[in-house]
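The sequence and the structure come next.

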Amino acid sequence: EYRSETYRQAGALLARLHRPAGTSADYTRKIAYQTQLLIRSAEGLLAAGLRARAAEELAGIITAPVELVATHGDYQPRNWLVDGETIKVIDFGRADARPWVHDLVRLTHQQFLGRPALAEAFYSGLGKQPTGAEAGVWHLENLNQALGTVVWAHKIGDAAFEQSGVERLERILAG
């Protein structure tokens with residue numbers, strides 16, 4: 001899980017998976033709405049100030065049309081198999097048409113934390129990384145997934161995972 005070559009191959013596989021799936025004028029608006037609902041659902045789960053800051057951040061995101069690609073939806077090492085020296089991907093149960101940055105959020109807040117060499121290897125294989133052009137949808141995806149983690153983990157009674165969502169949200173809001 002912590003070999004740079006694994007991440008380079010995983011990035012290259014994701015680049016092959018991310019086939020164009022059209023443009024959506026509604027995607028960011030829908031995700032912004034879902035995120036707003038998650039902020040409401042997080043009442044009592046997050047400090048009031050943190051919830052308010054999340055709402056402010058969300059309000060500042062400009063929704064705009066985005067390019068969609070085929071995404072995995074849960075792209076992380078638990079869904080990569082090693083066959084000799086080759087990485088293979090499994091579990092396409094959350095696959096859908098989304099902006100390409102969707103597949104980077106979990107890695108960014110899990111495996112890449114404190115491991116810049118893994119991120120560098122992954123982006124080398126992928127051939128790109130989020131830039132200013134994706135800033136709005138990247139921020140929106142991060143907010144949505146962090147809040148979704150908090151609410152879902154609370155619902156299933158996983159306090160440690162819920163706390164990881166809170167910490168993710170704090171990192172996002174800290175920039």
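## A strand hairpin

The model is predicted. Trp-80 has Val-89 as its bridge partner in strand S4, and Leu-81 is bridged to Lys-88, also in S4. These pairs belong to the antiparallel strands S3 (residues 80-83) and S4 (residues 86-89), which are joined by four bridges.

Two residues lie between the strands of this hairpin, and Gly-84 takes a positive phi near 70 degrees.

## A three-stranded sheet

A separate heading is given to the open sheet of three strands, whose order is S1-S2-S5 and whose pairing is antiparallel. Strand S1 (20-24) and strand S5 (96-98) form the edges, each pairing on one side only. On average, and with direction ignored, neighbouring strands of the sheet are turned by 30 degrees against each other.

Three bridges hold the antiparallel pair of S1 and S2. In one of the pairings, Ser-24 has Val-66 of S2 as its bridge partner. Helix H2 packs on the sheet and touches S1, S2 and S5. The direction of H2 makes about 75 degrees with that of S2.

## Helices H1 and H5

The axes of H1 and H5 come within 6 Å of each other and cross at roughly 35 degrees. The crossing is right-handed.

Within H5, the buried residues are Leu-118, Ala-119, Ala-121, Phe-122, Tyr-123, Gly-125 and Leu-126. Their cover includes H1 and H4. After H5 comes Gly-127, which has a positive phi near 85 degrees.

## The largest nonpolar core

The largest nonpolar core has 44 residues. Those with the most contacts inside this core are Tyr-7, Leu-46, Leu-104, Phe-112, Phe-122 and Leu-169. At least two core residues come from each of helix H1 (4-17), helix H2 (27-41), helix H3 (48-59), strand S2 (66-71), helix H4 (105-109), helix H5 (116-126), helix H6 (135-156) and helix H7 (159-174). H6 gives the most, with eight residues. In soluble globular proteins, nonpolar side chains tend to be buried together.

Leu-169 shows what such contacts involve. Residues up to four places away in sequence aside, Leu-169 touches Leu-46, Leu-50, Ala-54, Leu-143, Ala-146 and Leu-147.

## Val-166 in helix H7

Is Val-166 buried or exposed? Val-166, which is placed in helix H7, counts as buried because its relative accessible area is 10%, and buried means under 20%.

Beyond its neighbours within four places in sequence, Val-166 is in contact with Leu-46, Leu-50 and Val-150. Ala-12 lies 154 residues from Val-166 along the chain, and the C-alpha atoms of the two are separated by 31 Å.

Conventions. Residues are numbered from 1 along each chain as its sequence is written. This is a predicted model: local features need pLDDT of at least 70, side-chain atom pairs count only at pLDDT 80 or more; totals for chains, interfaces and linings use all residues. Side-chain values use heavy atoms; hydrogens and water are left out. A nonpolar core is a set of buried Ala, Val, Leu, Ile, Met, Phe, Trp, Tyr and Cys residues joined through side-chain atoms within 4.5 Å. Buried means under 20% relative accessible area, exposed over 50%, partly exposed in between (1.4 Å probe, protein chains only). Contact means heavy atoms within 4.5 Å. Axes are lines fitted to C-alpha atoms, for helices over the stretch in contact, and angles run from 0 to 180 degrees between N-to-C directions. A crossing is left-handed if the near helix is turned anticlockwise from the far one by less than a right angle, and right-handed if clockwise. Two strands pair if DSSP finds at least two bridges between them.
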